[in-house]
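Morning, everyone. Please have a look at this one with me. I'll talk about side-chain rings and then helix packing.

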Amino acid sequence: MTTTLSLLSGKTVVLIGGGTGIGLRVAQLAVDAGAQVVLGGRTASKLEAAASQLGEAAHWFTVDTSDDDSVKAFFTNIPSVDALFTTAADYQVGSFREQSVEDAASPFTSKFWGQYRVVHAALDKLTPTASVVLMSGAASVRPPAAAAAYVAANAAIEGLGRGLAVELSPIRVNTVAPGTIDGHLWAQRPAEVRESAFTWSAENNVLGRVGNEDEIAQAVFYLFTNTYTTGSTLYPDGGYALR
């Protein structure tokens, strides 16, 4: 019987945003499963440090997901892609009344179009059995009070995943939609903002705590390796969507 580990053995896994956080956790799982990983991101020093941590199975190239030419150039370095995941994004979240249209567009500009651009550029490199995992967020199905554009962008990513699953079959395309996660992203924010968000999230989900990056990485790994799942959105959110 084929195991989930053997499914990635000798395969090429591309992780844009793989120098830190969830992407790096997925990279470690992939390397442990025998895969070669290619890390992408904007900061060479972070990618180099991550590749050094992962060992000889890891390679890296800089890429800016907001730039068509940069993304196309990134994939010229890669002969084929068996699994693809993008976490790189930079955006603003705010209320509909107070946020400028430019800032409100940022989740679409960076998170939605960044992932769209990556998958589009990778098309000719994706193998027939490849797995693509997109990243949205649980706010797509349970909107917070003042983040309408962010909510809409995440919902659009999930719709993109369903559309691509149909159009690109037999390539599998799924979406992972995390809840609030204690990790690299939140560590960059002020402590009082972080603690307030963590407390609110814990009080508003079923499990009563925030998640961690390993739990999201395991969900992505499942979507990489389950050969009968496509067009789905997986919510590792502690039950946030249920409350």
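Start with tryptophan 113. This is a predicted model, and here tryptophan 113 has 42% relative accessibility. Buried is under 20% and exposed is over 50%, so tryptophan 113 counts as partly exposed.

Now its partner. Phenylalanine 112 has a relative accessible area of 11%, so this residue is buried. How are the rings of phenylalanine 112 and tryptophan 113 placed? Their centres are 4.9 Å apart and their planes sit at 90°. Planes over 60 degrees apart count as edge-to-face, so that is what this pair is. Ring pairs also build a cluster here, made of Phe108, Phe112, Trp113 and Tyr116.

Next, the whole structure. How many aromatic pairs does a search find? Eight. One of them is tyrosine 91 with tyrosine 150, and that pair is stacked. The centres are 5.5 Å apart, with 25° between the planes. This pair links distant parts of the chain, 59 residues apart. Tyrosine 91 is in the loop between β4 and α5, while tyrosine 150 is in helix α6. Tyrosine 150 has 17% relative accessibility, so it counts as buried.

Arginine 142 lies over the face of tyrosine 240, 4.4 Å from the ring centre.

Last, helix packing. The axes of α4 and α5 come within 9 Å and cross at roughly 40°. That makes α4 oblique to α5. The crossing is right-handed. Which residues make the contact? From α4, Asp68, Val71, Lys72 and Phe75. From α5, Arg117, Val118, Ala121 and Ala122.

That's my tour. Over to you.

Note on methods. Residues are numbered from 1 along each chain as its sequence is written. This is a predicted model: local features need pLDDT of at least 70, side-chain atom pairs count only at pLDDT 80 or more; totals for chains, interfaces and linings use all residues. Side-chain values use heavy atoms; hydrogens and water are left out. Rings of Phe, Tyr and Trp (its six-membered ring) pair if their centres lie within 6.5 Å; planes under 30 degrees apart count as stacked, over 60 as edge-to-face and the rest as tilted. Helices (H or I, at least four residues) and strands (E, at least two) are DSSP runs, numbered from the N terminus. Buried means under 20% relative accessible area, exposed over 50%, partly exposed in between (1.4 Å probe, protein chains only). A charge sits over a ring if NZ of Lys or CZ of Arg is within 6 Å of the ring centre and within 35 degrees of the ring normal. Axes are lines fitted to C-alpha atoms, for helices over the stretch in contact, and angles run from 0 to 180 degrees between N-to-C directions. Angles under 35 degrees count as roughly parallel, over 145 as roughly antiparallel, 65 to 115 as roughly perpendicular and the rest as oblique. A crossing is left-handed if the near helix is turned anticlockwise from the far one by less than a right angle, and right-handed if clockwise. Contact means heavy atoms within 4.5 Å.
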